[in-house]
Amino acid sequence: MPSFGLNVKSLRDQRGVALPMALLALLILSTLVIAFALLATSEPLIATNQKLVAQARAVTESGLERAIWALNNPTDPNGLASPLPGTVPAPYDGSAPIPISVNGTQIGVVFVTVTNGINANERNVVAVGWAPTNAGSGSKAHQKIQATVSRFIFSGT
């Protein structure tokens, strides 16, 4: 007479496990591929933005350094008179962009504004840098640095 009960041997048999395990592995790998594909599309944009911000910061720091140089070289034609006149000449009045280049390639422009400070030996410098430029409608970044620079006056006595 045939037995209709469960066979203990059939419960321990693993022959039908291969297909569900292969499908589960395929599902996990498909999820990973989709996640990496999404990362691959967003990472270049993030990297480009980071590069533009770093360039804008460097351009802005260059504008600040140029203003300090101009204040320290009042007799140079590109310098700036230490006691500021009533109107500051361009490009130190913020009206004209100063292009910043590296090895002949322009990486950005900076607008520099120099004004008198509270004390006679102080100057306020505002530099706003743009990378790659402030014109157009493409990807660009800008940074702003405000600084008060002082000249220490040492007495000869």
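Colleague: Let's start with Asn-103: buried or exposed?
Modeller: This is a predicted model, where local features need pLDDT of at least 70, side-chain atom pairs count only at pLDDT 80 or more, and totals for chains, interfaces and linings use all residues. Residues are numbered from 1 along each chain as its sequence is written, and side-chain values use heavy atoms, with hydrogens and water left out. Buried means under 20% relative accessible area, exposed over 50%, partly exposed in between (1.4 Å probe, protein chains only). With a relative accessible area of 79%, Asn-103 is exposed.

Colleague: And what is phi of Asn-103?
Modeller: Most residues other than glycine have a negative phi. Asn-103 has a positive one, and its place is in the loop between E1 and E2. Those two strands (helices, H or I, at least four residues, and strands, E, at least two, are DSSP runs numbered from the N terminus) form a hairpin with two residues between them. Phi of Asn-103 is near 55 degrees.

Colleague: Which way do E1 and E2 run, and how many bridges join them?
Modeller: Strands pair if DSSP finds at least two bridges between them. Within this pair, Pro-99 stands opposite Val-109 in E2. E1 and E2 run antiparallel, and the number of bridges is five.

Colleague: Arg-123 is buried, so to speak, with no salt bridge; how far away is the nearest side chain of opposite charge?
Modeller: A salt bridge needs a side-chain nitrogen of Lys or Arg within 4 Å of a carboxyl oxygen of Asp or Glu. Lys and Arg count as positive, Asp and Glu as negative, while His and the chain ends are not counted. Arg-123, in strand E3, does reach the backbone oxygen of Ala-120 with its side chain at 3.0 Å. The nearest side chain of opposite charge is Glu-122, at 7.8 Å.

Technical notes. Polar contact = N/O pair within 3.5 Å; in protein donor to acceptor, adjacent residues only side chain to side chain.
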